[in-house]
Amino acid sequence: MVSNVLIFSCTNIVGVCTHYPAEVSQRQAFQETRECIQARLHSQRENQQQERLLLSVLPRHVAMEMKADINAKQEDMMFHKIYIQKHDNVR
């Protein structure tokens with residue numbers, strides 16, 4: 001009887017000692033994943049707001065050309081292209 005109680009106690013202690021660290025590491029991994037996803041969603045929202053702001057100021061074709069030039073990024077270029085376009089017969 002004493003040996004059964006001793007084996008049962010040892011088994012439970014070993015189970016607690018292995019379960020608790022695993023639970024802690026799983027919770028930590030979940031929190032880190034959640035924070036990463038939240039940061040990504042926040043970044044996407046900011047990019048959408050910037051795009052809307054850009055399109056509210058510039059025509060779409062000029063804005064897309066400007067974004068393409070900025071994404072091309074040449075390191076030796078100090079200033080980007082100036083986006084001035086002349087239009088005749090504007091009403």
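View 1. Glu23 is partly exposed, at a relative accessible area of 26%, where buried stands for under 20% relative accessible area, exposed for over 50% and partly exposed for what lies in between (1.4 Å probe, protein chains only). The model is predicted, so that local features need pLDDT of at least 70 and side-chain atom pairs count only at pLDDT 80 or more, whereas totals for chains, interfaces and linings use all residues. Residues are numbered from 1 along each chain as its sequence is written, and side-chain values use heavy atoms, with hydrogens and water left out. Glu23 forms a salt bridge with Arg27, their closest N and O atoms lying 3.2 Å apart; the term requires a side-chain nitrogen of Lys or Arg within 4 Å of a carboxyl oxygen of Asp or Glu. The two residues are 4 apart in helix H1 (residues 2–57), and about one helical turn therefore separates them. Arg27, at 55% relative accessibility, counts as exposed.

**View 2. The salt bridge between Glu51 and Lys67.** The closest N and O atoms of Glu51 and Lys67 are 2.6 Å apart in this salt bridge. The pair links distant parts of the chain, with Glu51 in helix H1 and Lys67, 16 residues away, in helix H2 (residues 60–72). Both ends are partly exposed, Glu51 with a relative accessible area of 27% and Lys67 at 28% relative accessibility. By the cut-off stated for View 1, the count comes to 2 salt bridges.

**View 3. Helix H2 and its buried face.** The 13 residues of H2 reach 18 Å from the first C-alpha to the last, close to the 18 Å expected at 1.5 Å a residue, the expected span being 1.5 Å times one less than the number of residues. Val62, Ala63 and Met66 are the buried residues in H2. Seen down the helix axis, the buried residues of H2 fall within an arc of 95°, so they line one face of the helix; the arc is taken over the directions from the axis to the C-beta atoms. These buried residues pack against H1, contact meaning heavy atoms within 4.5 Å. Arg60, Asn71 and Ala72, which are exposed, are carried on the face of H2 turned away from its buried side.

**View 4. The chain around these close-ups.** The secondary structure comes to 2 helices and 0 strands, both kinds being DSSP runs numbered from the N terminus (helices H or I, at least four residues; strands E, at least two). Of the 91 residues in the protein chain, 4% are buried.
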